Amino acid sequence: MSATKTKLAPAHTLSRRGEGPNPIDIHVGARLRLRRTLLGLSQEKLGEAVGITFQQLQKYERGSNRISASRLYNLSQVLGVPVSYFFDDMPSPDSVETESLVALPQSETDEFESMARRETLELVRAYYRIEDPSVRKRTFDLLKALGGDKLALLEE
């Protein structure tokens with residue numbers, strides 16, 4: 001039997017003791033929090049649905065505790081998303097350095113945080129409750145104009 005060694009890909013994102021949460025765990029936790037808030041679920045309700053405490057769910061969302069494969073699968077079922085959802089928008093280790101997983105460009109961080117705000121979620125929910133498509137479009141145009149979108153004003 002020959003002793004051929006298989007070269008493994010480097011584990012760029014492994015964190016060592018004392019360095020804080022793993023960047024991948026932080027990303028997965030942020031995606032978990034985003035989906036939970038988009039559905040309007042409290043940490044307590046989601047925790048009950050998968051059989052964990054809300055404190056444990058907080059640790060998952062912060063990335064301080066790693067989510068096991070079986071727990072991730074359960075969460076995906078309850079949240080109605082494929083398991084791959086939790087890894088969407090994560091840069092590959094080949095394309096960026098590990099530090100950039102933690103320190104996203106400010107514009108991306110701001111956009112992600114604004115989508116997770118309760119005010120944004122309530123606005124989106126209210127928008128989609130508008131049944132008349134023409135009223136919904138006019139509301140959208142109004143919001144763009146109020147936000148300073150000059151193209152919205154020109155389309156009038």
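Student: At 0% relative accessibility, does phenylalanine 86 count as buried or exposed?
Tutor: A quick note first: this is a predicted model, where local features need pLDDT of at least 70 and side-chain atom pairs 80 or more, while totals for chains, interfaces and linings use all residues. Residues are numbered from 1 along each chain as its sequence is written, and side-chain values use heavy atoms, without hydrogens and water. Buried means under 20% relative accessible area, exposed over 50% and partly exposed in between, with a 1.4 Å probe and protein chains only. At 0%, phenylalanine 86 therefore counts as buried.

Student: How many aromatic pairs does the structure hold?
Tutor: Rings of Phe, Tyr and Trp (its six-membered ring) pair if their centres lie within 6.5 Å; planes under 30 degrees apart are stacked, over 60 edge-to-face, and the rest tilted. The number of aromatic pairs here is three.

Student: Which arrangement do tyrosine 85 and phenylalanine 86 form?
Tutor: Tyrosine 85 is also buried, at 12% relative accessibility. The centres are 5.5 Å apart with 80 degrees between the planes, and the pair is edge-to-face.

Student: Why is the pair of tyrosine 127 and phenylalanine 140 described by its planes as it is?
Tutor: The ring centres are 6.4 Å apart. Tyrosine 127 is partly exposed at 21%, and phenylalanine 140 is partly exposed at 40%. The planes stand at 55 degrees, so the pair is tilted.
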